[in-house]
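Visitor: I would like to go through the contacts in this model and ask what each label rests on.

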Amino acid sequence: MRDIYIVGIGQTKVGEHWDKSLRELSLEAIRQALEEAQIELPEALFVGNMLSGQLSNQQNLGALVADHAGLRHIEAIKVEAACASGGAALHMAYVAVASGLYDVVVACGVEKMTEAPPSKTTTALASAADALYEAEHGLSFVALNALLMRRYMHEYGYSREDFGNFAINAHRNAANNPCAMFPRAITQEAFIQAKMIADPISLLDSSAIGDGAAAVVVASEHFAKSRPLTPIRIAASALATDSVAIHDRPDPLFLQAAYLSSQKAYAQAQVGPEEIDFFELHDAFSIMAALSLEAAGFAPRGQGVRLAIENEISLQGRIPISTMGGLKARGHPVGATGIYQVVEAVLQLRGEAGANQLQGCRLGMTQNIGGSGAVAVTHILERVD
Amino acid sequence: MDISAYWRTRKQRLSLTGEICPHCGAKLFPPRDICPHCGKPARTPYHFSGRGTVYSFSIVYNPPEGFEPFVPYVVALVKLEEGSLITAQLTDVEPECVYIGMPVEMVTRKMREEDEDGLVIYNYKFRPVLQPTSL
């Protein structure tokens, strides 16, 4: 298979964008990415989005975003895989270029979440779960993750407080990210006292609901060589699935889809977890961060939380995570998140991550999870000098 | 939930009717027609006993639409005695009294009333086992 590169990135700040709709948000991110790459017209556009139908009464997002981004008539479709929609859109972009069909395409993720009342957004997010056998019983998406967290605490003997450093680390890193929704540090005391959403998950275990868009330009090697900026190679792009409902999994505390997509990605890139310099994981909830670290091979089972307790997840630690704030503090505009993760990994690999720059990093991994572990998309990105 | 979907799923919701795999004996709830354990067709109906224990639980404070009047309420994964996990609300119990391993049994309860057409949704919930069965 031919080598594939990222030659341009763009992102909006994550937040409550009352003055911007899905169109303006995606336009801003796409134009930034195209300008960086010095490309006027890509051949195709893949738009990652989960909730435009439910929260904005707007589907057909491929054509809509293409048109408003000045790309009318090109191939354009929406890609939906719940919170992994962004990662899935990039995966489809990768497949389109890897197949040889196209030489330059755009993957964009966009989500508009803050206009609806909270209960409507909560209902819409729960559609990532099994509608008949999970959501119908009044389980919010947070509640499903809370079931995993409580069982994890029970099996491995952790307390709520043990998860605090996932949030503290994310917020510390977000403080230096101009695009983060919550660019400020938090304390362990604040974590302990945070309001419960679905016990044992509190507000500070949970990622922030926000509006935002991010975009990357994906190109073949031939095309990438003529671009102005350091191209970053996509060394692996791998997607795997599991049952949508947690109750259908024989071992609910092991994210099988995350494990399988990680293993596929390691095989594609011909590397192992010990060679990965940093990991932009899916910390939608602190329990998801712990389970992702275990599924991706950075910690044995039951030890993911220990990496947080021992601060091995910080910028100076053994495996830095959420280096620009993660879902927790950069924010989680769900369908855009997978692209934000990749944009941030590209910044790190290009050496453009500012105060949060990791020294000498060469291999970065991103993992975008949809539902409570039903879909996982893993990308490994490589700086090639 | 639409009326047709409500009707279609009545056996699952009101009598915990799942399936048993004739090939490997796995008991499946919800029914899915293909056994996830051995990959073969599994369409033989099977009535679950409705008894189990709490595998995990959460107390919901920020509910989805339609569940606002019930906050806070307890949701759980219940390990049925046949081996399957099932997702449901717990009822007839104070949230602070729930624990992992608590013996529970299925009951039929009103979940909520739909706003638009007034459809009243019944579904299974689980309550603490009140007394030992005499069977």
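This is a predicted model: local features need pLDDT of at least 70, side-chain atom pairs count only at pLDDT 80 or more; totals for chains, interfaces and linings use all residues.

Visitor: How do you know that chain B and chain A are in contact?

Guide: The cut-off for contact is 4.5 Å between heavy atoms. By that rule 35 residues of chain B are in contact with 30 residues of chain A. The two chains bury about 2,900 Å² between them, and 59% of this area is on carbon and sulfur atoms.

Visitor: Which strands of chain B supply at least two residues each to the side that touches chain A?

Guide: They are S4 (51–60), S5 (73–80), S6 (85–90), S7 (103–113) and S8 (120–128) of chain B. S4(B) gives the most, with 6 residues. By class, this side of chain B divides into 23 nonpolar, 8 polar and 4 charged residues.

Visitor: Where are the domains of chain A?

Guide: Domain 1 of chain A covers 4–117 + 209–232, and domain 2 covers 124–206 + 234–383. The C-alpha centres of these two domains lie 22 Å apart.

Visitor: How do you know that domain 1 of chain A and domain 2 of chain A touch?

Guide: Under the contact rule, 49 residues of domain 1 of chain A are in contact with 41 residues of domain 2 of chain A. The buried area between these domains is about 3,500 Å², with 70% of it on carbon and sulfur atoms.

Visitor: What makes A:Arg350 and A:Glu36 a salt bridge?

Guide: Their side chains meet at 2.7 Å, N to O. The cut-off is 4 Å, so the distance qualifies. Between domain 1 of chain A and domain 2 of chain A the count is 1 salt bridge. Across the interface of these domains there are also 12 residue pairs in polar contact, both residues at pLDDT 80 or more.

Visitor: Which elements of domain 1 of chain A each supply at least two residues to the side that touches domain 2 of chain A?

Guide: Strand S1 (4–11), helix H2 (52–56), helix H4 (85–98), strand S4 (104–111) and strand S7 (212–220) of chain A do. S1(A) gives the most, with 8 residues. This side of domain 1 of chain A has 28 nonpolar, 16 polar and 5 charged residues.

Visitor: Why is A:Asp3 with A:Arg233 said to tie together parts that are apart in sequence?

Guide: The side chains of A:Asp3 and A:Arg233 meet in a salt bridge at 3.1 Å, N to O. A:Asp3 lies in the segment before S1 of chain A and A:Arg233 lies in strand S8 (residues 232–241) of chain A, so the pair ties together parts that are 230 residues apart in sequence. A search of the whole structure finds 24 salt bridges over all chains.

Visitor: What is the domain assignment of chain B?

Guide: Chain B has domain 1 (1–48) and domain 2 (49–127). The centres of these domains, taken over C-alpha atoms, are separated by 20 Å. Their contact takes 14 residues from domain 1 of chain B and 18 residues from domain 2 of chain B.

Visitor: How many salt bridges and polar contacts does the rule find across the interface of domain 1 of chain B and domain 2 of chain B?

Guide: The rule finds 0 salt bridges there, and 5 residue pairs are in polar contact, both residues at pLDDT 80 or more. Helix H1 (3–8), helix H2 (10–15) and strand S3 (44–47) of chain B give two or more residues to the side of domain 1 of chain B that touches domain 2 of chain B. The largest share, 4 residues, comes from H2(B).

Technical notes: Residues are numbered from 1 along each chain as its sequence is written. Chains are lettered from A and ligands numbered from 1 in the order in which they are written. Side-chain values use heavy atoms; hydrogens and water are left out. Buried area is the accessible area (1.4 Å probe) that two parts lose on being put together, summed over both. Ala, Val, Leu, Ile, Met, Phe, Trp, Tyr, Cys and Pro count as nonpolar, Asp, Glu, Lys and Arg as charged, and the others, Gly among them, as polar. Domain bounds come from an automatic or database domain assignment. A polar contact is a pair of N or O atoms within 3.5 Å; within protein, one must be able to donate a hydrogen and the other to accept it, and residues adjacent in sequence count only if both atoms are side-chain atoms.
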